[in-house]
Amino acid sequence: MSLSTVLTWIVVLAVFLITIKPIGQYMAKVFTYQPTFLDRPFGWLENGIFRVIGVSRESDMTAKQYGIAFVGTNLVWVLLAYFLLRIQNILPFNPQHMSGLNPLLAFNTAASFTTNTNWQAYSGENTMSYFSQFGVLSYLQFVTPAAGGAVGIAVVRALSGRKLGNFFVDLTLVCTRLLLPLAIVVTLILVGQGVPETLGAYFQAHTLGGQTQLIPRGPIASWEAIEHLGQNGGGFTNANSANPLENPSAFSNIIETISMGLLPIGFFYFFGVMTGRRKLAWTLTAVAGSLFMIMLALAYFPEVAGNPIVNSLGLATHGNMVGKELRFGMGGTSIFETATMAFTTGSVASAHDSFLPLSSLSFFIGMFLNMVFGGKGVGFLNMIMFVIITIFLMGLMVGRTPEFLGKKIETKEVTLASIAFLIHPLLILVGTAIAIHSPAGLKGVYNGGPQGLGEILYGFTSAAANNGSAFGGLGAALPFYEIALGIVVIIGRYASVMAMLLLGQSLLKKKTVPETSGTMHTDTPLFAGILFGAIIILNALTFFPIMALGPLAEQYLMLAHHLF
Amino acid sequence: MSREMVTHALFESVLKLDPRVMIKNPVMFVVEIGFLITLILTVDPNAFGGHYPAGQRAYNLIVTIILLITVIFGNFAEAIAEGRGKAQAESLRRTKSDLMAFKWVNGDEYENVPASTLRKGDRIRVRAGEMIPADGEVLEGLGSVDESAITGESAPVIRGSGGDFNSVTGGTKLLSDTLMIRVTVDPGESFLDQMIGLVEGASRQKTPNELALSVLLAGLTLIFIIVVVTIEPMARYAGRSVDVATLIALLVCLIPTTIGALLSAIGIAGMDRVIRFNVIAKSGKAVEAAGDVNTLILDKTGTITIGNRLASAFVPVSGGTEAELMEIAVLSSLFDETPEGRSVVTLAHERNLTMDRERYADAENVEFSADTRMSGITLSDGTRIRKGAVDAMKKYVLEQGGVIPEDLDARTEEIAKEGGTPLAVLRGNVIYGLIYLKDIVKPGMRERFMELRRMGIKTVMCTGDNPLTAATIAKEAGVDEFIAEAKPEDKMRLIRREQEQGKLVAMSGDGTNDAPALAQADVGLAMNTGTSAAKEAGNMVDLDSDPTKLIEVVSIGKQLLITRGAITTFSIANDVAKYFAIIPAMFVYVVPSLQALNIMHLTTPHSAILSALIFNALIIPFLIPLAMRGVKYKPMNATQMLMRNLFVYGLGGVIVPFLGIKVIDLIITALGGANI
Amino acid sequence: MINLWRSLRFTVVFAVLLGLVYPLFVMGIGNVLFPFQAQGSMVKVNGTVVGSELIAQATTAPGLFHPRPSAVHYAGNNSGGSNLGPTNPALITEVKGNLQQVLSQNPGVTAAQVPPDMVESSASGLDPNISIADAELQIPRIAKATGLSNGQLQNMITENETGRLFGIWGVSMVNVMQLNEMILQFQGKQVVNVG
C-alpha cells in the first residue's frame with residue numbers, strides 16, 4: 001500500500017470517526033426540537049415555512065399518516081419532475097437549447113431521482129437544461145434524501161418510545177438543519193478546488209491541437225455538494241465524479257467522500273442518543289464499519305494487483321488504471337467507490353465496469369447489504385431489519401421470546417422484517433432473470449461473458465438499492481431498462497421503507513420489558529459478532545449462486561486468460 | 001419408544017403426505033412439490049424440455065427417492081411426537097369410557113344416566129367404590145378419593161364439601177363414604193377431556209413464537225425459491241442450463257428443512273415434557289410464556305419452607321431449667337398429632353427425653369381450637385398442661401390467677417426477631433418457658449433461587465407472617481422480595497405492578513381467593529388439590545400439587561425456545577457447506593474453473609449433489625431425539641447461554657455438514673455410485 | 001387530502017429555496033471568492049480560449065505533451081470511460097493499440113518503461129493529468145520537436161508536479177495543460193487564465 005493511499009484512508013476514516021458523535025448529538029437535539037446554534041439563521045425561515053405548509057413543529061402523525069404523507073409527497077414530486085423534464089425546452093435557463101425529454105426517459109429519470117436512486121439513463125451534459133439540472137434534479141437531490149431521512153427519524157423516534165412526529169416538519173428540518181448548511185460549506189470548498197458554479201453557457205474552446213472542444217459548465221459545485229451530502233449520486237455530467245469538472249482534485253475527492261458518509265454514519269449515533277443506548281449505537285457502527293473495511297480492501301487490493309491479461313503485456317508496473325482518474329490514485333478511488341456503494345450514493349469517480357471481478361464484488365456487497373450505513377435513515381432502517389431478524393433467529397437460544405430494545409419480537413415484526421428483507425433479492429434476482437431471458441434485456445449488454453451478466457445484475461441491484469451507479473456499459477437508455485428499472489426503483493424505495501415504518505410503530509405500541517441478566521444484550525461485542533455473521537450468511541446464501549456465475553466465475557476465467 | 005409406536009408413526013407419516021395436511025408446513029410442502037416434479041422427471045427426463053442422456057433418469061429417480069424420504073422423515077418427527085402424547089391419552093380415555101352416573105331428580109330419587117349426558121349444574125350422587133363420573137364440587141359429605149388415574153399418586157386424598165378441598169375430577173374413584181356433587185362442566189369440556197385433547201395435540205395451535213418463526217421460515221423459503229428459480233436463466237446465459245432435478249436438489253438443501261421438519265415436533269415435545277412433570281398446561285402458549293417469566297411469586301408455606309414449623313429449641317423463663325420445660329412441653333404434645341406437636345416430641349427425643357404414652361393413657365387430650373388457640377392434656381389429677389400462642393397463654397394465666405414471668409416478653413421478642421414462632425408452655429398457671437418453632441426452608445431452595453437470579457428471574461415470597469418473620473425467612477431462602485402479612489389483594493396488586501413494568505409474572509395457588517391472581521398472572525399454576533375456581537383460573541394445573549414446580553415449568557419453557565432457536569440456527573448454518581457442495585457441481589459445465597470452490601473435493605458433480613441432499617435428509621431423524629428431549633438446559637445468564645449454544649449449534653452447524661457431506665460422498669464413491 | 005395540499009405547498013416553497021435561492025446564493029459567493037475556478041478554469045492563449053485546465057484535449061502535435069488515452073475522443077460534453085470489462089478482448093486490443101501508438105510516437109521507449117495509465121483510458125476520458133513517468137517518456141519527442149532541451153522539459157515537469165496535496169498525500173502527477181502552457185510561453189505566446 002502506498003503512503004498516499006494510507007493517508008487518504010486515514011483522513012477519511014478519522015473524519016468519520018470524529019464526526020459521528022457530534023453529528024448524532026446535534027441531530028438528536030434538532031429532532032427533539034431543542035435549541036441549537038442554527039436557530040438564529042434558520043428558525044425564522046422554518047416558522048415561515050411551517051405557516052405556509054400549515055403544520056406546527058410538534059404535531060404528530062401515526063405511522064399510516066406518516067407513510068401516506070411520505071408517499072403522497074413523493075408522488076407530487078415524481079409527477080412534477082416528469083412534467084417539467086418533458087417541457088424543459090420551453091422553460092428558462094436553457095442556453096444549450098436542450099429539447100424536452102421523451103416520455104420513457106422522463107419517467108425513468110423522474111422515478112429514479114424521486115426515489116433518491118439517481119440512476120441516469122442519459123448523460124447530463126448533453127440532455128439537461130440548466131433549469132432541469134438545478135430547478136428539478138438538484139432540487140430533488142435535496143428533498144428526496146430528506147424524505148428518506150425523515151422516515152428513518154420517525155422510526156428512531158418510535159424505537160426510542162417517542163411519538164413518530166410530523167413528516168413535513170422532519171422533511172423541512174432535514175433540509176434546513178442538515179443538508180442546506182452543509183451544502184453551502186461543501187459547495188464553496190468545491191468551487192475553490194475548481195468545480196464550476198456558473199450560469200454561463202458551455203464554452204467552445206479552440207484547442208491547442210487546432211480542434212474545437214465544447215466544455216460544459218453550469219451550477220456544478222452546488223449540485224455536487226448536495227449530490228454527495230444526500231447520498232444521491234446523480235452526476236451533472238455523464239462521467240459523474242470522475243469528470244474533472246465535478247471532482248477536480250484529490251482533495252475534492254476526499255471532500256466528496258466525506259460528504260457522503262457524514263450523515264449516514266452520524267445517524268447511527270443519533271439512534272444511540274435518542275434511545276439512550278449509545279453502546280448499542282457503537283455496536284451497530286462497528287458492524288457496519290467492519291463491513292465497510294472489507295469492502296474497502298476488496299475495492300483496492302485486486303486493482304493494485306492489476307489485470308493479469310494486461311499485466312502480461314509487460315508494462316512498467318501493474319495496477320488497473322482502465323477507467324480510473326490519475327489524480328485520485330488507487331487509494332482515493334477505492335475509498336470513494338467504497339463510500340459510494342456503502343452509503344448508496346451512486347456517484348462514481350471511476351468506471352465500475354472496468355474494475356476487476358473481485359473489486360466489483362465489493363460494489364455488489366455494498367448494494368446487496370444496503371446497510372453498510374446506507375443512505376441516511378434508510379440505510380439505518382435496513383440495519384434494524386437485519387438486527388431484528390438476527391435477534392429473532394439467535395435470540396431464541398437464550399430461552400426467551402426475542403426482544404429488541406425491550407420490545408418483544410413477535411409475528412407482526414417478523415412478518416414486516418421478512419417482507420423488507422425479501423423485497424431486495426426479489427427485485428434484483430427476478431429483474432435480472434427477466435432481463436437476461438429476454439432479447440430486449442440482452443440488447444443492453446456491452447461486455448461479453450460473466451461481465452455482461454454483471455452489467456444487468458448491477459443495473460437491477462443498483463436500482464433496487466436506490467444506489468444509482470452502473471456498470472456503464474449497460475444500455476440504460478433502452479426502453480426495456482427505462483421501464484424495468486423505473487419500476488424497480490419505486491418498489492425498492494417504498495415497500496421496505498413502509499414495512500419498517502409499520503414495524504417501528506408496532507414496537508412503539510408494545511410494553512417495554514425490563515432488561516435482566518436473562519435478556520440477550522445487543523450492545524456487546526458478542527452480539528456484534530453474531531450480527532456480522534448473520535448478515536454475511538443470510539446475504540451470502542441469497543446471492544452466492546449469482547456471484548458464482550458473475551464475478552467469481554470471471555475471476556477464475558480471467559486468471560486463465562480467458563476472453564469473451 | 002416402543003417398536004409399535006415407531007411403526008405407527010411411520011404409518012402416520014405416510015398418511016401425512018396428503019398435500020392438504022402438508023400445506024400447513026410450507027417448508028416441507030415445498031419439498032413435497034419438488035418430489036412431485038422430480039417424479040415426473042423420472043418418468044420422462046425430458047418432460048420440461050431438453051435432451052438428457054440416458055443416465056439422467058436414474059439420477060432423477062435417486063433425487064426423487066431422497067426427497068420423498070426427506071418429507072417422510074419430517075412427518076415422522078411430528079408423528080412420533082404426537083404418538084407419545086396419544087399413548088398417554090389412550091390410557092386416560094380408558095378410564096373415562098362407559099361411566100354411569102346417578103343424577104339427582106328430586107327428593108331421594110336418582111336416575112341412572114350415562115356420564116356423557118351430564119351437564120353443568122346437575123347434581124349427582126357417588127358412593128364408595130364408584131367412579132366419579134364428572135368434574136364437580138362436593139356439596140355434601142367427606143370422602144377419600146383415589147386420583148391415581150390422573151396424578152399417578154396412589155395415596156388417596158380427602159375431598160369434602162366447603163373449603164379448598166371440594167373439587168373432584170371425573171375419572172377418579174371414590175374410596176369411602178358418599179358424596180353429593182354438583183357437576184361444573186358440560187360434556188367434552190371436562191378436565192379429562194382437556195387433558196386428552198392436549199396430550200393428543202388435537203387442539204394444538206401454533207404458539208405465538210412458533211408462528212413468528214414459521215413466518216420467517218416461509219420468508220426464507222420464498223427467498224430461496226427466488227434464488228433457485230432465477231439460476232436457470234442465468235446459467236443458460238452463461239452457456240448451459242442446469243437440469244431441473246439439480247435445481248430442486250439445491251432448493252431443498254437451502255430451504256430450512258431441518259427446522260421446518262422438526263418445528264411442530266419441538267412444540268409437541270415441549271408440551272409433553274410439561275405433562276411428564278405431571279403438570280397440565282392448558283395451552284402451548286402458557287408453556288412458552290413460562291420461558292419469558294420475569295417474576296415468580298411463591299407462597300412461603302409449602303413452597304419455600306416445608307409446610308410446617310418445627311420445634312428447634314426450648315427456651316425456659318424465670319430461671320427455670322430446660323429439662324423441666326422440655327418435660328412439660330413433651331407432655332403437652334404427647335397426643336398432639338400435628339407436625340408441630342410431633343416435632344416437639346422428636347426434638348426432646350433427640351435430647352434423650354422420651355415419655356411413654358401408656359403412662360398417661362388416662363389423661364384427657366385437649367385439641368387445638370381456634371377459640372382457645374392452645375392445646376395440651378389434662379392429667380387425671382386435673383393438672384392442666386398446655387402449649388399455645390403466647391398472648392393467649394398470658395391471658396389464660398392471668399385468668400387462672402397466675403403471674404406472668406417478667407422475661408417472657410423479652411424471650412418472645414427474641415424468637416420473633418429471628419423469624420421463629422414462640423409457643424408458651426404452662427402447667428397449671430405457671431408458664432415454664434417457650435418452644436421455639438422454626439420455619440424450615442426446603443433444602444436446595446436457596447440454590448434454586450440463585451439459579452433463577454442468574455437467569456434474570458426475580459422471586460417474590462408471599463406470606464401471612466409479620467414483616468419481621470418474613471424478612472428472616474426471605475433472607476434465609478434468598479428470595480429477592482417478600483410481602484409480609486399478605487392478603488390475596490396484595491398478590492393481585494403485586495402482579496399488576498410487575499405487569500405494568502412489562503414483566504411476565506408466574507405464580508402458583510390453590511385457594512378460591514387465589515383465583516383472580518391466578519387468572520391475572522401470565523403463568524398461573526393451580527394445584528390439583530385446589531378448588532375448581534383456582535384450577536379454572538390458572539393456565540396450568542399441577543397434578544402433584546407441588547408449587548415449586550413453577551421453577552421447572554419455567555425451565556421447560558426456556559428449553560422449548562432454546563431448542564427451536566438452536567435447530568433453526570443449525571439449519572441455516574448448514575447451508576454454507578451445502579453451497580460449497582452444490583454450486584461447483586451445478587456450474588461445472590458452465591464455468592469449469594468454479595471447481596476451485598469444490599473445497600471438499602467431492603468426487604463427481606452428481607455425487608456432490610446427492611451427498612448434500614442425503615445429508616439434508618438424514619440430519620432430520622438424527623435430530624429427532626434432540627427435538628424430543630430438548631436442548632440441554634442449565635441455568636446461566638443470557639450471554640453465557642448464547643455463547644454456548646452459538647458455539648454448539650452455530651459453529652457446529654457450519655462444520656458438521658462439511659464432514660457429513662464428505663463422508664457420504666466417500667460412501668457413494670465406494671459404492672460406485674459417483675458416476676450415475 | 002390535507003397532506004396532499006401540504007405536499008404541494010412544501011414543494012413550491014422548497015423549490016424556490018433549494019432550486020433557486022441556494023444555487024444563486026452559493027454562485028454569488030463562489031464567483032467572488034474563486035472567479036477563475038467558478039467559471040471552469042479556462043485558459044486563453046493569444047486571446048483565444050484554448051480550453052480548461054481541468055479538461056484533457058486531443059493534442060497530437062509532437063511538440064506538446066499528450067494526455068492519457070480517451071475513450072470518448074476528448075469530447076468535453078460527452079465524458080466517459082471505455083466501460084470495457086477486464087475480460088473483454090476489445091480492452092486488450094485497445095491497450096495494445098495505445099501501447100503501439102506510444103511506442104511509435106516516442107522512439108526509443110520500450111513497453112517495459114510505459115506506465116499503465118499512459119495506455120489505459122481514464123474514467124472521464126478527460127483526465128487532465130499524466131503521471132511523472134508518462135511525462136518523462138515524452139521528453140525526448142518534445143525536445144526534438146520544439147528545440148527545448150531535455151533539462152528544460154524535465155524542470156517544467158518538476159515545477160508542475162502536483163498532487164502532493166499539503167505536501168503529504170495524493171498521487172504525484174502533472175497537469176498536461178499547464179505543461180503545454182509553459183511550452184507555449186517559451187514559444188512566446190501569451191497565456192492567460194480566464195476569470
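Predicted model: local features only at pLDDT ≥ 70, side-chain atom pairs only at ≥ 80, totals over all residues.
**Exercise 1. Find which strand of chain B pairs with E1(B) through two bridges, and say how the two run.**

*Solution.* Two bridges connect E1(B) with strand E3 (residues 123-127) of chain B, and the two run antiparallel. To place the pairing on residues, take Phe102(B): its bridge partner in E3(B) is Arg125(B).

**Exercise 2. Now go to E2(B): how many bridges join E1(B) to E2(B), and what lies between the two strands?**

*Solution.* First, count the bridges: six join strand E1 (residues 100-106) of chain B to E2(B), again in an antiparallel run. Next, return to Phe102(B), which stands opposite Asn112(B) in E2(B). Finally, look at the connection: E1(B) and E2(B) make a hairpin with two residues between them. In that turn, Gly107(B) has a positive phi of about 55°.

**Exercise 3. Work out the strand order of the open sheet in chain B, and explain why E2(B) and E7(B) each have one side without a neighbour.**

*Solution.* Begin with the order: six strands form the open sheet as E2-E1-E3-E9-E4-E7 in chain B, with antiparallel pairing. Strand E2 (109-114) and strand E7 (167-168) of chain B are at the edges, and each has a single partner strand, so one side of each lacks a neighbour in the sheet. Then check a pairing further along the order. Strand E4 (residues 136-140) of chain B is joined by four bridges to strand E9 (residues 178-183) of chain B, and these strands run antiparallel. Here Gly136(B) has Val183(B) as its bridge partner in E9(B).

**Exercise 4. Describe the contact between chain A and chain B: how many residues take part, and what area is buried?**

*Solution.* Take the residues to begin with: 59 come from chain A and 64 from chain B. The area buried between the chains is about 5100 Å², and carbon and sulfur atoms give 77% of that. On the chain A side, Met397(A), Leu541(A) and Leu549(A) lose the most area to chain B, together 15% of what that side buries. Turning to polar pairs, there are 15 residue pairs in polar contact between the chains, counting those with both residues at pLDDT 80 or more. Zero salt bridges are found across this interface.

**Exercise 5. Which elements of chain A give two or more residues to the side that touches chain B, and what kinds of residue make up that side?**

*Solution.* The elements are helix H13 (378-395), helix H14 (411-437), helix H16 (449-464) and helix H18 (525-559) of chain A. H18(A) gives the largest share, 16 residues. Sorting the residues of this side by kind gives 38 nonpolar, 17 polar and four charged.

How values were computed: Residues numbered from 1 in each chain as written. Chains lettered and ligands numbered in written order. Heavy atoms only, no water. Contact = heavy atoms within 4.5 Å. Buried area = accessible area lost by both parts, 1.4 Å probe. Salt bridge = Lys/Arg side-chain N within 4 Å of Asp/Glu carboxyl O. Polar contact = N/O pair within 3.5 Å; in protein donor to acceptor, adjacent residues only side chain to side chain. Nonpolar A, V, L, I, M, F, W, Y, C, P; charged D, E, K, R; others polar. Pairing = 2+ DSSP bridges.
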